[in-house]
Amino acid sequence: MGGHSAWRKRVANGELAKKSGGAICRHRPHLGRKGKDREVERKGNIKGGPRKKKSNKAKRDAAADADAAKGAHVSANYCSVWPYLILLARLVLAAVSQLVVAAAISCRQGRTSTSINPLQAAAPYWIVYGTLIDFGSLLLLHKLLKNEGVRIVDVLGWRQGLSDTGSSGISSGLMSSVGISFVIVLVMAVVGPIVEKVVYGSDSAPYPMVPLPTWASAYALLVWPIPWAVAEQMVYFGYALPRLQQRHTKTTSALLVSIGWGLQHCALPIVDVRWAIYRFIAPSCLGLVLSWLYLRTPPSVGCKGQQRLWPFVIAHWAADVLSVLVLVVLPRNQ
């Protein structure tokens with residue numbers, strides 16, 4: 001008798017699997033490694049049954065790892081110029097958005113025969129038209145990531161960070177958000193007054209965010225902080241910083257990102273030279289601290305080297321809500 005089927009019949013008839021001649025010797029590779037026979041059941045199956053298929057959880061874990069690797073990977077197809085250009089993109093979008101709003105105010109002024117500076121009149125509304133900046137930068141980011149074969153949602157690291165940790169991943173991320181929010185408030189509370197004193201002397205910095213109509217104040221409090229936090233974090237930390245690290249050290253990359261962060265705030269809104277200097281220095285310091293925190297954040301489970309961005313987004317949102325409350329809502333009620 002020969003062949004694999006003959007061997008199975010031999011075992012099924014009660015013959016010993018070990019030290020039996022014929023088919024069993026010729027098909028030894030089916031029994032074990034390095035010539036050692038394994039126990040066989042009466043029906044000829046190797047003890048333990050056939051190889052088990054992957055469970056649904058194993059499949060989900062494998063898919064999550066693949067997505068994580070995709071999100072953490074900086075594609076070699078990206079254009080080496082865009083990580084630098086995108087640092088200036090939000091500055092350009094901010095200036096263009098304010099000019100568009102100023103043009104609309106100018107047209108309305110012509111119909112009502114009032115004499116105000118349209119550019120200055122548009123300044124308080126930057127926490128409303130800032131959403132245009134966010135949509136423009138997210139569209140640009142989507143196009144750049146699509147060329148690399150990366151989905152824009154993967155940059156947040158949300159699904160990858162939770163795939164293996166479950167509720168513990170959520171709780172640790174939220175705790176990180178609380179700590180980052182505290183750092184943001186602390187840096188701006190310490191650095192802001194110092195820079196204001198250096199730039200303005202005994203005068204106070206003019207915060208052009210009041211007065212705003214009720215609808216604009218409500219929009220600034222409830223809507224504006226959400227896309228603003230998402231877009232800013234994804235542009236600077238989700239896209240620019242990892243790609244700059246491919247060409248520079250961590251320190252240089254963090255400095256470049258902080259400069260881009262500060263330049264953006266120069267045009268939020270456009271007022272005068274002293275305001276631009278003040279708005280450049282203070283946010284640049286904050287951007288440098290956040291870059292340092294992001295680079296020191298341990299990678300989340302399943303992200304294969306990618307830091308989680310979503311805790312920074314939540315912290316940024318919370319800090320922006322607090323700033324609107326302090327600078328817009330409370331002065332309005334006084």
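Residues are numbered from 1 along each chain as its sequence is written, and side-chain values use heavy atoms, with hydrogens and water left out. Because the model is predicted, local features need pLDDT of at least 70 and side-chain atom pairs count only at pLDDT 80 or more, while totals for chains, interfaces and linings use all residues.

The structure holds three salt bridges (a side-chain nitrogen of Lys or Arg within 4 Å of a carboxyl oxygen of Asp or Glu). In one of them, R90 pairs with D134, with the closest N and O atoms 3.0 Å apart. R90 lies in helix α4 (residues 82–112) and D134 in helix α6, so the pair ties together parts that are 44 residues apart in sequence; helices here are DSSP runs (H or I, at least four residues), numbered from the N terminus. R90 has a relative accessible area of 0% and is buried (under 20%; exposed is over 50% and partly exposed in between, with a 1.4 Å probe and protein chains only). D134 is likewise buried, at 0%.

E148 and R243 also meet in a salt bridge, at 2.8 Å from N to O. This pair links helix α6 with helix α10, 95 residues apart, and both E148 and R243 are buried. In the bridge between R151 and D154, the closest N and O atoms are 2.9 Å apart; here R151 is partly exposed at 39%, whereas D154 is buried at 4%.

Turning to the pocket, its lining comprises 33 residues, with M188, R279, A319, S323 and L327 nearest the centre. Helix α13 (310–333) gives the most to this lining, with eight residues.

Note on methods: On a 1 Å grid over the protein atoms alone, a cavity is a set of points where a 1.4 Å probe fits but cannot get out, and a pocket is an open set with protein on both sides within 12 Å along at least five of seven lines; lining residues have an atom within 4 Å of a point. Helices (H or I, at least four residues) and strands (E, at least two) are DSSP runs, numbered from the N terminus.
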